[in-house]
Amino acid sequence: MDRKPIATVAEFHDPNTLVAAASTIHQRGYTKFDCYTPYPVHGLDRAMGVRRTILPYISFIGGLSGLASALLLQWWTGGYDYRLNIGGKPFFAIQFSVPVDFELTVLICAFFTLFGLLHLCRLPTWWHPLQDDPSFRRATDDTFVVAIFSDDPRYTSADTQELLRSVGGANVHIHYARQNPVEDVAPIG
Amino acid sequence: MATVTTAHHPTMHVDGLRHEREPLVLGEPTLHDITAKIAHIAEDKPTPKYLLALSFTAAIAAWGVGCILYTILTGIGVWGLNNPIGWGWDITNFVFWIGIGHAGTLISAILFLFRQKWRTAINRSAEAMTIFAVICAGLFPLIHVGRIWFAYWLIPYPNQMQMWTNFRSPLEWDVFAVSTYLTVSLIFWFLGMVPDLASLRDFVKNKVAKRIYSLFSLGWSGSMRHWHHYEMAYLILAGLSTPLVLSVHSVVSLDFTAGILPGWHTTIFPPYFVAGAIFSGFAMVMTLLVIAREVLDLKEYVTLKHLENMNKIILATGMMVGYAYAMEFFIAQYSGNPYEAFVFINRATGDYAWAYWTMVLCNVVSPQVFWSRRLRRNVPLMFIISILVNIGMWFERFTIIATSLHHDFLPASWGYYTPTWVEVSIFAGTFGIFLTLFLLFAKYIPVIAIAEVKAILPAAQPHHHAHAAAHAPEHPQVQPTQTA
């Protein structure tokens, strides 16, 4: 049986050890690694060397497009395409457009935030390389899991295992690919 | 197997004194305990009591839907509306339900921005309540328009008539405000739930349930690289929802204030409506949570401290509403406008005085008991007060709408309005819809934000270095688990 290693996996049970471990792994030059945690652990992203998310820019663009479309919609429909005199009110004015401007800004901004997030996380996905790993499955429950992937240039099965043990990882093991990848295409879990 | 324990409680250091702060989660559960507790609610077979309650609320909902169909098929002549009272229970119920929803957003968004950690136990159910309340609210304007099959005319779209909607009307603003509110609340609620649905996906044994939770958890893995984006998304949505919730009830109040009717045409309405919305919403959260923590056995998570905090907010917003009642009365007299002054005197002494004084008793007088800490922590009492507040807030909207309409400028056009059985049934029906949805939610969706509660356990976050050194022995011990 000659199966391809996907990643070396270790469990952690204390957030302090986890953050220190992530920091060490990052400093050793590993880039293809990830920590799976049941809740966001403060400072872990910085320890892992994760770059600041660009999501706020995506949301900002969304908000601006919402505002622009609201102004355009109200001006074009009421002030240009169908000018109807109602009680002598102006066909278009910034003042009365404010509520709809605000609502559409929020709405489009929220959509950009949602879909921006899904895009940045590459979600939804029905598959994860570690989905059969028993440690990984407990990452949504009570275990912190660190996985260093085998496509990392610094990955060697011996060194990486040694590193994960030295930083306090428990149950360090290599997760192998399935022999027949199409035998089960069930979603994670 | 879980080994992250809550070894010590957070403490405050004030001038060398050490005050033990009341813990947010009682009984020192482990991370696994929390997952198991919430997942078991979803996984266990529904009890006969639950099914009985569900069939009861579903029956009321069905009766309400039947009456809505009767209204649609016959026309809104089956209601008690007349000239001059063209807005009755329908619009009262719309404003009432929209208001109920506001506490959910307040708890989920505003308390999040203020870093109020106690919100984690109650935010999920409060957000669910928001969504169900907005669904109930949205029904009323739709059936009120009479020809519901033309309700899509409210949306600006290119059409054969070559006409556009009138953006100068607050009613059109309402279409945008309410639909945005529903959509953004849904996004916020769903996004907050994704990690918890993933927890349930990995926990439940039932194959069908696993598939369903897999689908809705979108393949969430708990990757820290994802959490990093996720926390930012949550923050942005909270930041968006905060002004949104204030805007929605403000826009609803503009439906009234933009009219020139005495009693409606006042500038105090937007803040007054928002305070009232938060007030009634918190009362509804209280009603539901007192029942839910009893029935679902969630007393370790929804503690007396949570309930007490909500009672404080009920007291504060109740006082704001009381202030608004007094102030609009004063301004009406001070304005020198005889019609305005008359409407308010008429509210307190006229045909609808019974509604006005019910409102004052329920909204202003009853919450005053919460000045006492002992009474703030009395569960049966707070349950009664929360129901009184809900009744009072419904009467507030009814008073505003009916009393202002029934006596306007000309005595020749005065009238009186009483609802018919159809209107009463539809209102009861929306309670049926609301409670049915809430019961389904409480059973099958993680009713407490699992990941958020885990994150506020005392030992959940890494300590600062200096602090960590001082508390080293208190750290949770590491126990490797066996490979399954």
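I began with B:Val285 in this predicted model, and, setting aside neighbours within four places in sequence, I found B:Val285 in contact with B:Ala103, B:Ile122, B:Ala126, B:Met129 and B:Met310.

I then looked up the largest nonpolar core, which has 189 residues, and noted that B:Val285 is among the members that touch the most others, together with A:Ala22, A:Val146, B:Met129, B:Phe282 and B:Phe438. Helix 7 of chain B, residues 224–257, gives this core its largest share, 17 residues. I also checked chain A, where domain 1 (5–52 + 123–176) and domain 2 (55–120) each supply at least three residues to the core.

Next I turned to chain A as a whole and counted six helices and four strands, which follow one another from the N terminus as β-α-β-α-α-α-α-β-α-β. Its radius of gyration is 25 Å, well over the 16 Å that the globule rule gives for 189 residues, so chain A is more spread out than a compact globule. Along the principal axes, its C-alpha atoms fill a box of roughly 80 × 40 × 30 Å. I noted that 44% of the 189 residues of chain A count as buried, and that, of the contacts between residues at least 6 apart in sequence, 81% join residues at least 24 apart.

Last, I looked up A:Gly49, which sits in the loop between helix 2 (44–47) and helix 3 (55–81) of chain A. A:Gly49 is partly exposed because 14 other C-beta atoms lie within 10 Å. Its C-alpha atom is separated by 32 Å from that of A:Ser65, 16 residues apart along the chain.

Definitions and conventions:
Residues numbered from 1 in each chain as written. Chains lettered and ligands numbered in written order. Predicted model: local features only at pLDDT ≥ 70, side-chain atom pairs only at ≥ 80, totals over all residues. Helix = DSSP H or I, 4+ residues; strand = E, 2+ residues; numbered from the N terminus. Rg over C-alpha atoms; globule rule 2.2 N^0.38 Å. Buried ≥ 20, exposed ≤ 12 C-beta atoms within 10 Å, placed from the backbone. Contact = placed C-beta atoms within 7 Å. Core = buried A, V, L, I, M, F, W, Y, C linked by C-beta atoms within 7 Å. Domains from an automatic or database assignment.
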